[in-house]
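I opened my notebook to look up a few local features of one protein model. My entries follow in the order I made them.

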Amino acid sequence: MTELEQLVPAWLNLPEVAEALDLPITRVHSLISERSLVSVRIGERNVRSVPADFLVDGDVLDSLRGTVVVLADSGYGDEDIIRWLYTDDESLPGRPIDALREGRKTEIRRRAQAAAW
């Protein structure tokens with residue numbers, strides 16, 4: 001198990017994401033292309049997966065896309081984005097993904113912009 005796989009407590013493969021969102025798999029691929037979701041290949045079978053925390057009540061976490069775009073525009077790759085979101089930040093306190101899920105997107109985006117410099 002990789003460090004990234006250990007950092008994220010729960011993963012969903014793309015068919016599971018499609019089922020959770022009640023969407024066709026092609027739409028899930030579009031969400032990834034649009035940067036509304038971020039996926040990486042994990043596990044022995046190298047299956048594209050998404051952190052389960054990116055979904056809330058049958059939808060994609062609303063504040064995720066903007067944060068992902070800020071980090072991606074700063075040169076972060078998908079693995080780096082997930083690592084950043086799931087790494088504890090003592091000044092928050094906690095993980096950026098938890099702050100996003102709590103509705104604190106402005107604070108997290110500010111930190112994402114600062115991380116780019």
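I looked at the hairpin first: β2 and β3 form it with 4 residues between them. Gly43 in the turn has a positive phi of about 80°. I took helices (H or I, at least four residues) and strands (E, at least two) as DSSP runs, numbered from the N terminus.

The model is predicted, so local features need pLDDT of at least 70 and side-chain atom pairs count only at pLDDT 80 or more, while totals for chains, interfaces and linings use all residues. Residues are numbered from 1 along each chain as its sequence is written, and side-chain values use heavy atoms, with hydrogens and water left out.

Next I checked the pairing, which requires that DSSP finds at least two bridges between two strands. β2 and β3 run antiparallel and are joined by 3 bridges. Ile42 stands opposite Val47 in β3.

I then turned to β1, which pairs with β3 (residues 47-51) in the antiparallel sense, also over 3 bridges. Trp11 stands opposite Pro51, and Asn13 has Ser49 as its bridge partner.

What is the order of the strands in the open sheet? I noted β1-β3-β2, with antiparallel pairing. The edge strands are β1 (11-13) and β2, each pairing on one side only.

My last entry is on Ser36, in the loop between α3 (25-33) and β2 (40-42). Is Ser36 buried or exposed? I put it down as buried because its relative accessibility is 11%; buried means under 20% relative accessible area, exposed over 50%, and partly exposed in between (1.4 Å probe, protein chains only).
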